[in-house]
Amino acid sequence: MSVSTTGRPRGFSRATLTFIRKRVLVPLAVFVPLGYFLPKTLLFFGICGIYDIARNRRLDATIVRRYFLGNGIGSWVLSPFNVLMDILTLPYINKGTYRLEDLPAGHQQWKYIQTIGISVFNRKSSTSRHFGPLRATLRMLYNINDMTDRAAFIVVGDKVNYWCENKLFIFDDTLAHQSFNETEERRYCLFVDITRPSLMNGVMVAVVRLICLVARPFNRGFYRYWKIVQR
């Protein structure tokens, strides 16, 4: 009597195999060669990444995994640049989330605006928890239409902003954040990027404009659902 088997080994579901591939095999394939051939480089990026991710409040294993192995890996790659931005903006300490009055008087005016975008959140939809890539600017969100209940909100660390209560929210979008619209109506949101407060504002403006120039070829794909106005 002969016995033959087909398919994946019994006891290993598709989800299990996907987990092993993403969480074990891919990290080993990436980090083992880097650790062997470029140990100092990996150590440098590791230190910058640890500093970067440690700024998040309510830090948990999911945020760490997403940052180093998920949708935050781009932020990790750019972490040395973002650390430099934190140095250039001293003595203004990054607060993470802001009220308008937390900003210097000059930064409460339109002249520090660098980009403006309009986005529409469909009803009963939300984003995944994600990280912005660069820390040369602060993100200002303004909810254009009036929301009627607390089922539309944004979460940044331990801060929750309900759009029915506060239509303006300012934050460092390189922190892990997630937006929710569990209402039955669309939510129209204005995205505004302003240069971070700094004693060297000219340098910050030049950095932002260089970033816009470099990123322009990618804007069509990344911002395909947005209307963008760039100064």
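Is R139 buried or exposed? In this predicted model, R139 is buried, with a relative accessible area of 13%. Because the model is predicted, local features need pLDDT of at least 70 and side-chain atom pairs count only at pLDDT 80 or more, while totals for chains, interfaces and linings use all residues. Residues are numbered from 1 along each chain as its sequence is written, and side-chain values use heavy atoms, with hydrogens and water left out.

R139 sits in strand β4, residues 137-143. Strands (E, at least two residues) and helices (H or I, at least four) are DSSP runs, numbered from the N terminus. The side chain of R139 makes a polar contact of 2.6 Å with that of D193. A polar contact is a pair of N or O atoms within 3.5 Å; within protein, one must be able to donate a hydrogen and the other to accept it, and residues adjacent in sequence count only if both atoms are side-chain atoms. Contacts in general are heavy atoms within 4.5 Å. Leaving out residues up to four places away in sequence, R139 touches F169, I170, F171, D173, F191, V192 and D193.

D193 belongs to strand β9, residues 187-195. D193 is buried, at 13% relative accessibility. Its side chain makes a polar contact of 2.8 Å with the side chain of T115. The side chain of D193 is also joined to that of R139, at 2.6 Å. Beyond its neighbours within four places in sequence, D193 contacts Y112, I113, Q114, T115, T137, L138 and R139.

An open sheet is formed by 4 strands in the order β3-β8-β5-β6, with antiparallel pairing. The edge strands are β3 (125-126) and β6 (159-162); each has a single partner strand, so one side of each lacks a neighbour in the sheet. Two strands pair if DSSP finds at least two bridges between them. Strand β5 (residues 152-156) is joined to β6 by 4 bridges, and the two run antiparallel. I154 has N161 of β6 as its bridge partner.

The loop between β5 and β6 contains D158. D158 is partly exposed, at 39% relative accessibility. Residues up to four places away in sequence aside, D158 touches R57 and R58.

L175 is buried, at 8% relative accessibility. L175 and R135 are 40 residues apart in sequence, with a C-alpha to C-alpha distance of 9.5 Å. Apart from neighbours within four places in sequence, L175 contacts R55, N56, G96, H130, F131 and V156.

Helix α3 spans residues 61-69, and its buried residues are I63, Y67 and F68. These residues lie on the same side of α3, because they cover an arc of only 115 degrees around the axis. The arc is that of the directions from the helix axis to the C-beta atoms. An α-helix has 3.6 residues a turn, so residues three or four places apart point the same way. The N-terminal end of α3 is capped by D60, with a side-chain oxygen 3.2 Å from the backbone nitrogen of T62.

Methods:
Buried < 20%, exposed > 50% of the residue type's maximum accessible area, 1.4 Å probe, protein only.
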